[in-house]
Amino acid sequence: MWKYIAQRLLQMIPITFLVIFIVFAIMDATPGDPVRIILGNDPPAQAVEDLTKELGLDKPFMVRFFSYVGNALHLDFGLSYRTRQPVFDGIWPKFPTTLLLAFLTVTVSTILGVLLGIISAVKEYSAVDITLTFTSLIFASVPGFWLCLMLIILFSLKLHWLPSSGVGSIRHFILPVLASAIPSAAYLARITRTQMLEVMRQEYIRTARAKGADNKRVIFKHALKNALLPIITITGTSFAGALGGSMITERVFGLPGVGNYILTSVQAKDVPVVMGSTIFLSIIFMVMMLLVDLAYAWINPTLRSRFAKK
Amino acid sequence: MFGRKKKDLTKTRSSSGLADVWFRFRKNKLSMAGLIVVVIIILLAIFADVLADYDTMAIEQHPEIRLQGPSAEHWFGTDAYGRDMFARIVHGARYSLTFALACTAISLVGGTLIGAAASYAGGIVDNVIMRILDAFYCMPGMLLTISLSSALGMGLKSIIIALSISGVPGYARIVRSVMLTISQQEYIEAARACGFGSFRIIVGHMVPNAISMLIVNAMMSMAGLIMSAAALSYIGMGIQPPAPEWGAMLQEGQTYMREYFSMVLIPGLAIVITALSFNLLGDGLSEALDPRMKD
């Protein structure tokens with residue numbers, strides 16, 4: 001088991017290296033002179049020359065790339081072009097907001113999605129099932145940012161129940177969480193339904209029923225446990241994704257989270273911040289995928305032997 | 001002569017296969033509805049200029065008729081600059097369909113080539129290609145698209161390229177894994193035993209098997225592409241106003257949404273209806289192409 005984890009962690013090194021290379025290349029191709037971004041539009045020639053040297057912009061691409069990697073190994077991701085502060089000094093203060101949003105979103109969407117999926121599957125082809133399936137199909141086709149706008153119009157502008165932007169109380173989080181959770185709950189409900197239906201047709205379910213297990217026990221103990229695997233993958237991926245901040249949701253609701261910060265940084269061409277946060281988020285994603293795989297082994301003992309062998 | 005006979009056999013089989021697919025697809029009413037709506041949207045986009053003139057109705061500003069509600073003359077009302085919303089929606093369909101079709105085509109071809117190359121070459125080449133795809137896969141998708149589109153300098157072409165690049169790794173993975181699974185199947189071994197060359201095996205047996213999966217994935221990705229492109233324009237990183245792109249229209253309409261609710265409702269509904277139709281179409285197609293999927 002530990003050997004497997006170590007192996008997976010080692011695999012992350014070349015991938016992280018490639019991530020850095022790809023983002024570095026994209027950022028290098030982005031038009032806009034960093035010196036102008038920092039110094040403004042009409043800087044004195046001497047200052048331009050000094051700053052170009054300081055940022056190493058006079059050196060060739062590969063030299064700059066490797067010096068970036070070298071610094072990154074010392075956890076030095078450079079200074080933000082806008083604030084001239086270390087990159088992560090800008091990101092960390094935004095993290096709690098995003099973490100709370102991600103946690104609430106994933107919790108709500110998982111509970112809602114799995115529950116509705118189970119109801120749909122257990123009552124296959126009933127009116128409830130058809131309604132739920134069709135609703136989830138529609139929500140799979142609703143763009144997140146438009147759902148945000150619709151929720152704001154309904155709950156803030158018309159009904160005046162909830163604030164439409166900012167932070168301060170948990171009430172500010174209700175609409176953003178709904179806007180991000182509803183589409184992923186819809187998706188999760190579809191997957192859960194398909195999985196449950198497949199599992200319910202297995203012979204061990206018939207055996208369990210034949211042995212006289214009541215319906216509740218069959219559904220939750222036998223069927224759900226086996227249908228859980230793909231659900232875990234989706235939950236893990238969406239949590240990793242949500243940690244990057246649902247950029248657009250945060251933007252629409254004016255939440256000062258990581259996503260909003262990254263979006264502003266991309267628009268302002270603040271290269272070090274975009275680089276640092278992309279690398280950070282990619283590593284979070286990889287760690288999350290490792291945790292998902294470990295959860296597989298925990299839930300399904302037959303998979304455990306596979307890990308042990310490696 | 002022997003060769004011709006075999007060719008004929010495959011021909012009849014594939015045509016009856018298509019008929020089978022169409023027969024199964026037709027039975028699914030929701031998917032048929034999706035297909036019909038998609039065809040209507042495509043027709044609207046093609047004949048957009050006939051329905052409403054681009055320059056005078058969708059772009060030119062008429063301040064004297066701004067912010068009007070729906071009427072016989074302006075079916076969807078007018079926006080803050082007095083432009084006809086119906087004209088803008090219809091012309092906006094061109095953008096959305098262009099994104100969906102162009103990006104799908106580019107990433108499909110790119111992904112297939114890369115995936116096939118990886119599985120065919122094997123060894124180090126395969127390993128390197130897969131690690132690069134892994135790197136793309138673990139970067140947050142929307143962030144990658146946004147950075148790419150800002151690097152390429154916002155506009156129709158750069159959005160298409162950015163969204164296509166983000167789509168390539170997915171197709172490449174599918175093609176590679178299908179190719180690897182199929183190459184171990186018994187009928188491929190049988191084909192090899194019959195003395196067929198690699199090219200014939202790849203084109204005749206492996207590609208057709210991968211294709212149904214690729215078509216389903218391509219159909220399913222259309223809705224996502226339409227929504228992503230709209231999101232890009234909405235946050236100002238895509239098509240810029242005054243172009244009648246649906247996302248850009250939402251961004252413009254947002255300022256007025258308190259009093260003029262329809263300005264954010266109509267472009268949004270256009271996106272939802274288009275995306276939903278593509279999803280229904282994809283759903284039906286995946287069931288029709290792989291009957292095993294449906295119990």
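Both A:Phe145 and B:Tyr234 are buried, where buried stands for under 20% relative accessible area, exposed for over 50% and partly exposed for the values in between, with a 1.4 Å probe and protein chains only. This is a predicted model, so local features need pLDDT of at least 70 and side-chain atom pairs count only at pLDDT 80 or more, whereas totals for chains, interfaces and linings use all residues. Residues are numbered from 1 along each chain as its sequence is written, chains are lettered from A and ligands numbered from 1 in the order in which they are written, and side-chain values use heavy atoms, with hydrogens and water left out.

Let me turn to the aromatic contacts. The structure holds 18 aromatic pairs over all chains; rings of Phe, Tyr and Trp (for Trp, its six-membered ring) pair if their centres lie within 6.5 Å, and planes under 30 degrees apart count as stacked, over 60 as edge-to-face and the rest as tilted. One of these pairs is tilted, namely A:Phe24 with A:Tyr68, at 5.8 Å centre to centre and 50° between the planes. Because A:Phe24 lies in helix α1 (residues 2-29) of chain A and A:Tyr68 in helix α4 (residues 61-73) of chain A, this pair ties together parts that are 44 residues apart in sequence; helices here are DSSP runs (H or I, at least four residues), numbered from the N terminus. A:Phe24 counts as buried at 11% relative accessibility, and A:Tyr68 counts as buried at 11% relative accessibility.

A:Phe145 and B:Tyr234, with which I began, form a stacked pair, 4.6 Å centre to centre and with 20° between the planes. A:Phe145 belongs to helix α8 (residues 144-158) of chain A and B:Tyr234 to helix α10 (residues 198-234) of chain B, so the pair joins two chains.

Back in chain A, one aromatic cluster is formed by A:Phe17, A:Phe21, A:Phe24, A:Phe61, A:Phe65, A:Phe66 and A:Tyr68.

What about the backbone? In chain B, a cis peptide bond joins B:Pro241 and B:Pro242, with omega at about 10°, and B:Pro242 is found in the loop between α10 and α11 (246-254) of that chain. In chain A, phi of A:Tyr125 is near 65°, a positive value in a residue other than glycine; A:Tyr125 lies in the loop between α6 and α7 of chain A and, at 55% relative accessibility, counts as exposed. Phi of A:Lys269 is also positive, near 55°, and A:Lys269, in the loop between α13 (258-267) and α14 (271-299) of chain A, is partly exposed, with a relative accessible area of 23%.
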